[in-house]
Amino acid sequence: MGRLYRYSVLQTLRDRAGMFWTLVFPIIMATLFYVTFGSSQMEHMKPIPVAVVEGGNGIFETFLGALDGEMLILEKMGEQEAQEALESGAVTGVFFSREEPSLTVAGTQINESILEMLLNGYRQNQELAETIGAKNLPGLLEAARQMRGQTDFIEAIDAGGSTQDSALDSFFSLIAMTCLYGALTGAASALKLRADHSALAARRSVTPTHRIELIVSELLAVFTVQFANICILLLYLHFGLGIGMGRHWQLLLPVCALGTLCGIAAGMFLGGTKLNKGMQIGIIIAGTLFLCFLSGMMYSGMKGEIERFAPIVNRLNPAALISDAFYSVAVYENAYRYGRSLLLLAAITVILTGAAYRRMRRERYDSI
Amino acid sequence: MIQIRNLVKRYGSLTALDHFDLDIQEGEIFGLLGPNGSGKTTAINCLLALLKYDKGEITVFGQEMRPDSYELKRQIGIVPQNVAVFDQMSVYENIDYFCGLYVTDKAKRGELVEEAIRFAGLEDYRKMMPRKLSGGLLRRLNIACGIAHRPRLIILDEPTVAVDPQSRNRILEGIVELNRNGATVIYTSHYMEEVEQICSRIVIMDHGRAIASGTTEELKQMIRTAETVTVEGVVLSETQMQTIHELPHVFLAELSQEHTLSVKCTSGRHNLIRILNYLQEQEIAFGRVYAAPPTLNDVFLEITGKELRD
């Protein structure tokens with residue numbers, strides 16, 4: 001088994017076309033993205049202009065005041081004036097500082113979503129503070145300290161699955177693309193496993209080596225190489241291009257591993273069909289690019305749009321799941337979204353691997 | 001050693017093997033001879049349990065051959081019709097890889113790989129990648145990968161297709177040597193000269209059926225032709241052709257558009273002299289003249305009514 005694995009790794013590494021698509025091409029793309037976006041879009045977001053209609057809630061006004069200049073541009077207005085400013089687009093939203101603070105926005109773009117998140121965050125923390133204050137006054141100080149930390153949190157998050165940083169959308173989708181390009185090596189492996197596809201596979205099929213041993217060694221080998229390629233890409237993105245991977249970067253590895261396996265299994269499944277090799281490669285490249293387009297590789301707002309109108313697509317698109325898991329770790333630090341993406345990705349991978357195995361395990365054929 | 005009984009394989013409405021029977025004894029070089037599409041490779045693939053078949057029984061070394069007959073497979077070496085090696089691995093690595101699918105002991109495998117390299121004459125190419133090898137060398141590598149584990153039964157499916165004469169001779173000599181060393185060989189080909197040269201017994205196949213089997217001599221005795229006399233550069237009238245046809249032992253006389261007379265005779269005695277005497281009497285000019293015993297092509301021609309290479 002070990003020997004078969006080593007030889008399979010060697011073959012995969014020496015496959016120049018395969019290595020180009022799974023290692024060199026993503027690095028070129030990443031470099032092009034970096035050059036295209038430059039560093040301007042990777043800087044912090046611009047402050048959002050908002051109107052505040054005073055209504056006697058001093059705590060809320062103090063809270064907003066703490067964000068003034070850094071994240072928001074506050075302007076105190078009367079209700080009528082604020083409404084006109086909102087309609088003219090001079091401000092993105094209007095905060096009403098009543099006992100129950102509220103927000104009026106005119107659109108559903110990213111900035112509006114951020115303001116909404118900001119208000120929701122305040123409400124949650126207010127409830128928390130009241131509860132803690134009633135039972136434990138010193139704890140209130142800690143709660144206040146956490147509220148001050150909102151700035152960092154809000155800077156990175158939005159409700160629709162995208163951030164203001166369109167470059168990150170592209171980079172994370174690029175990582176997803178590289179994972180899914182494992183399908184190319186998967187399809188090449190299928191060619192070496194199905195006796196009705198190549199003389200080489202037929203030759204291997206008539207040896208005394210158990211079929212499962214051949215399949216597993218092949219799968220492990222292509223997985224190893226592809227996963228190593230992803231790691232190299234991540235290192236290049238982080239150390240070469242300065243793309244942040246977050247404090248919990250270790251959590252990205254299971255995402256890459258599952259994404260890679262998902263791609264390889266899809267490739268093996270496709271490779272097991274009667275389609276010719278050129279057609280298979282065409283489908284893999286076009287299909288992967290389409291999935292990555294849907295996950296925001298070419299147009300950063302795409303994932304957010306899909307989230308609004310057909311969220312199920314984002315749950316079933318492996319590229320979207322991979323990039324979303326990356327966001328959850330590198331940007332949001334949102335364990336729930338990370339877990340959800342990982343679980344869905346695992347489910348898709350298990351289904352594809354099972355389907356691929358069913359295609360590969362056959363030992364006797366109707367025609368060769 | 002190998003028994004195939006009543007084997008039927010259909011691809012839709014096409015019957016690739018039609019109640020095909022085969023018996024191969026240990027120590028033979030057994031030839032499967034037939035034109036392209038006659039069912040040779042299909043028979044081999046059924047024998048190796050790669051292809052499903054509709055009917056029949058196949059036993060190898062006295063046991064039923066199935067996809068999971070790993071112990072039987074351990075004793076078989078296969079050299080497929082198309083070169084089946086890894087493009088990304090060197091000559092040595094390819095042979096080591098395939099040998100390793102049969103032999104797990106590293107030291108023993110090392111010896112076997114070296115032996116196979118010497119046998120195939122690939123000593124100078126061991127680090128070379130397959131894409132840099134000539135067609136002949138590639139075929140030799142294909143063979144080395146199939147025989148490195150010293151199998152008891154070697155199946156060679158048209159191993160000399162698209163090979164230069166020098167490499168072809170080397171391959172044929174090698175097959176005879178393998179047989180001398182104890183291996184039983186099944187050799188499929190549509191080159192009758194090769195089969196005639198190395199095979200101890202032959203089955204002639206056509207349309208998925210075994211139409212004749214036996215040694216070369218036995219096969220030749222099955223047909224009427226005992227000798228074929230050929231006269232080149234001759235011009236004959238219909239009357240003269242009729243007279244030649246009526247000479248003793250002659251059962252077929254044909255004149256081609258290239259003025260080549262071909263006369264088939266049922267006995268191999270004095271046919272050439274009789275024909276030459278007649279041409280001399282009639283003062284008919286002619287070019288090269290020769291007589292030849294029947295070939296396997298004659299056998300095929302007489303049984304099926306068509307040339308082996310049609």
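These are my notebook entries on a predicted model.

**Entry: chain A overall**

I started with chain A. I counted 17 helices and four strands there. Chain A has 368 residues, and 49% of them count as buried. I then looked up the accessible surface of chain A, which comes to about 16500 Å². Carbon and sulfur atoms hold 63% of that surface. Next I took the contacts in chain A with a separation of 6 or more. Of these, 72% are between residues 24 or more positions apart.

**Entry: cysteines**

How many disulfides are there over all chains? My search of the whole structure returned zero. I wanted a reason, so I went to C231(A). The closest cysteine sulfur to that of C231(A) belongs to C256(A). The two sulfurs are 6.4 Å apart, which is too far for a bond. The cut-off for a disulfide is 2.5 Å between the sulfur atoms.

Is C231(A) buried or partly exposed? I find C231(A) partly exposed, at 24% relative accessibility. I also checked C46(B), and this cysteine is buried, with a relative accessible area of 1%.

**Entry: K192(A)**

Where does K192(A) lie? I placed K192(A) in the loop of chain A between α9 (182–191) and α10 (199–205). K192(A) is a buried lysine, with a relative accessible area of 14%. The cut-off for buried is under 20%, so 14% qualifies.

I listed what K192(A) touches, leaving out residues up to four places away in sequence. In chain A the partners are Q11(A), S198(A), L200(A), A201(A), R204(A) and E218(A). K192(A) also touches F86(B), in chain B. With E218(A) there is a polar contact between the side chains, at 3.4 Å.

I also noted the spacing of K192(A) and E112(A). They are 80 residues apart in sequence. In space they are 53 Å apart, C-alpha to C-alpha.

**Entry: K220(B)**

I moved to a lysine in chain B. K220(B) sits in helix α8, which covers residues 216–221 of that chain. Is K220(B) buried or exposed? At 13% relative accessibility, K220(B) counts as buried.

Which backbone oxygen does the side chain of K220(B) reach? I traced the side chain to the backbone oxygen of P294(B), at 3.2 Å. P294(B) is also on the list of residues that K220(B) touches, not counting those up to four places away in sequence. The list also has E196(B), T225(B), T295(B), L296(B) and V299(B).

Technical notes
Residues are numbered from 1 along each chain as its sequence is written. Chains are lettered from A and ligands numbered from 1 in the order in which they are written. This is a predicted model: local features need pLDDT of at least 70, side-chain atom pairs count only at pLDDT 80 or more; totals for chains, interfaces and linings use all residues. Side-chain values use heavy atoms; hydrogens and water are left out. Buried means under 20% relative accessible area, exposed over 50%, partly exposed in between (1.4 Å probe, protein chains only). Helices (H or I, at least four residues) and strands (E, at least two) are DSSP runs, numbered from the N terminus. Contact means heavy atoms within 4.5 Å. Accessible areas come from the Shrake-Rupley method with a 1.4 Å probe; for residues, only the protein chains shown count as cover. A polar contact is a pair of N or O atoms within 3.5 Å; within protein, one must be able to donate a hydrogen and the other to accept it, and residues adjacent in sequence count only if both atoms are side-chain atoms.
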